[in-house]
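Please keep the structure open while reading.

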Amino acid sequence: MRPPIVVRARLQMRRVLRNEHLLLGVMALAVGAVAAYGALVFRVAVDALQSVAFGAALDQVIPTIETTAWWQILLVPALGGLLIGLFLHFFHGGGRAHAIAHVIEASALRGGKMSLKDGLVSAVAHGASLGVGASTGREGPLVHLGATMSAWISEKLHLDRSQSRTLIGCGVAAAIGSLFNAPVAGAVFAIELVVGNLSLKAGAPIFIAAVTGTAIGRFYFGSEPSFTVPAHELISLWEFPAFILLGVMCAVVGIAFMKTILAVDAGMAKTPIPKWIQPAIGGLLLGALALEVPEILGVGFTTADVALRGGFALDFLLLLIVAKIAAVAVCIGFGFGGGVFSPSLVLGATVGGAFGFVAGGVFPELFSGVPAYALIGTGALAGAVMGAPLSTIFIIFELTGSSELTVAVMIATAVASILTHQFFGKSFFHAQLRGRGLNVSSGHDQAVLQGISVARVMRRNMASISESAPLEQLHSKLRESPLGEVYVVNDEGMLRGLVNYADLNAALMSPDAEGRPQIVGELAHSAGDVLTVSDSLEQAMRLIEGLDRQSVAVVASKDSMLLRGIVNALDVTRAHNDALLSARDEEHA
């Protein structure tokens, strides 16, 4: 028999292990370390690849780019794009590398479930893209990598939906914190954009992971801010109208930036050019642009740093705005990897700097300087693009180590974010998801519906008949169907139409015996709109509500039209209610 003290100790240990807050805190430490070291390996690999491709990391090459051979600037992105296209073709089914939009989707619609293979393949594609000079950012790849590793850990530990979403937020916070040396911004970014929940249960582990990731990043890369910004302060309160106008300008440029990317992306999706060759063509276009404006190559932090110090003339800033938008659109639209946050920081610095030159010329005595306006523009435009104004404001302050322009940055960022939300949408990532038929901004109930596929609730024992069958067989089939209708298919199982009692009666009652249909195919009428097995219940509910029928056919795909089953309004309603009850029970548990 065990001594009482041993029994009490074991009971106490069990109580500790059952404490969810403590367990999430410990796992947050582990996830923070894993995500931070993943980010570390990614950054080192990108710098190493750039050193091979350009002779040094691009942040070191850009200031002396004149010494780089023209053919190197032109061919490195093109050849790199060819290899990236082939890599994605063979290892990712020809799809694009995943980034922040997929993390938001996984958190909102899939209970935090993500594929580790997709994460690793995407990380390689992203790293290779940045290594050959793609004009994109590091934050999207690192956020996706951190979230993927967190999701894998959650799966191995068999965590529930709520815990898995929290751990994804931990991975995101650690990645952002280690990348930007910004723990508060990393945590706020994860809460604002990915988790959407500031409860103690979710918030505390995310802050722990953010601090862990930042500490590891500082150990290897130092604690200096990413940008060097000269000291500045507000000259006069009369500048506030100028800050509001700068917010408006940042919204206009931000919307143009996002729409250009989406337009090029949509155009390339429709082109007959094979996907595996598209990055090579995009790389050639990027190289041609870089021959004229080499500052567009790479992440662009060196370019943003110069703009924040007022080192560019007005005419060059205007040229850089156009060139950067074109370069990012080409890279993302043609299939390179990378994110949009760093490009939005660069654009914000250039827009703010250009606006500062104009403002200084109009009111020189009420002018805080070009660097001040460049800093304000950085926060405003990035906040508008990311749809996360609060975290962007924190990132700007932690990146620069400057807090003199707090109110000005907040005003411009708020104006830019409100206008962008009104005239474009919540963020670039939500626009990407809308393009794929997903809406994660429609509330919890809609998110639950979007997370359930039609395949999970459809009925596979629907009444169907061959189009070549005689009418005598149709009568018995109709009697077997509880809905009084039968789907018509060909010999391969492709949906050809629908027949019901009214169709059969009309044919049998026809006075013209010779013109009377002899086989089912001659009697069938259109089955109307259909669903695919990959559609969500949210799409099914919208479709059924718009039809004057109680059931809808489900096919394998719109291309094959192979009949797989049916769903009706009762099935959708029951599945919706069950999913809501399950999700709420899980949250309460």
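Predicted model: local features only at pLDDT ≥ 70, side-chain atom pairs only at ≥ 80, totals over all residues.

Helix α6 covers residues 116–131 and helix α7 covers residues 139–156. They pack at an angle of about 160°, and their axes are 9 Å apart. Angles over 145 degrees count as roughly antiparallel. That angle therefore makes α6 roughly antiparallel to α7. The crossing of α6 past α7 is left-handed.

## Helices α5 and α8

Helix α5 spans residues 100–109, and helix α8 spans residues 161–180. Their packing angle is about 160°, with the axes 9 Å apart. Because of this angle, α5 is roughly antiparallel to α8. α5 passes α8 in a left-handed crossing.

From α5, the contact draws on Val 103, Ser 107 and Ala 108. From α8 come Arg 161, Arg 165, Ile 168 and Val 172. The contact of α5 with α8 divides into four nonpolar, one polar and two charged residues.

## Helices α14 and α15

Helix α15 (residues 341–362) packs with α14 at an angle of about 155°, with their axes 9 Å apart. The two helices, α14 and α15, are therefore roughly antiparallel to each other. Their crossing is left-handed.

On the α14 side, the contact is made by Leu 314, Leu 317, Leu 318, Leu 320, Ile 321, Lys 324, Ile 325 and Val 328. These meet Pro 343, Val 346, Leu 347, Thr 350, Val 351, Gly 353, Ala 354 and Phe 357 in α15. By class, the residues of the contact of α14 with α15 are 13 nonpolar, two polar and one charged.

## Sheet β1-β2-β3

Three strands make an open sheet in the order β1-β2-β3, and the pairing is mixed. The edge strands are β1 (464–466) and β3 (495–500), each of which pairs on one side only. Direction ignored, neighbouring strands of this sheet are turned by 35° against each other on average.

Strand β2 takes in residues 485–489. β2 and β3 pair in the antiparallel sense over five bridges. Val 486 stands opposite Val 499 in β3.

## Sheet β4-β5-β6

Another open sheet has three strands in the order β4-β5-β6, with mixed pairing. At its edges stand β4 (531–532) and β6 (563–568). Each has a single partner strand, so one side of each is left without a neighbour in the sheet.

Strand β5 (residues 551–555) and β6 run antiparallel, joined by five bridges. Ala 553 stands opposite Ile 566 in β6.

## Confidence

How far does the predictor's confidence reach along the chain? The chain averages a pLDDT of 83. Of the residues, 85% score at least 70.

Which elements mark the lowest and highest mean pLDDT? Helix α1 (residues 4–17) has the lowest, at 53. Helix α14 (residues 314–333) has the highest, at 96. This α14 is the helix that packs with α15.

How values were computed:
Residues numbered from 1 in each chain as written. Heavy atoms only, no water. Axes fitted to C-alpha atoms, helices over the stretch in contact; angles between N-to-C directions. Helix = DSSP H or I, 4+ residues; strand = E, 2+ residues; numbered from the N terminus. Parallel < 35°, antiparallel > 145°, perpendicular 65-115°, else oblique. Left-handed = near helix turned anticlockwise from the far one by under 90°. Contact = heavy atoms within 4.5 Å. Nonpolar A, V, L, I, M, F, W, Y, C, P; charged D, E, K, R; others polar. Pairing = 2+ DSSP bridges. pLDDT = per-residue confidence, 0-100.
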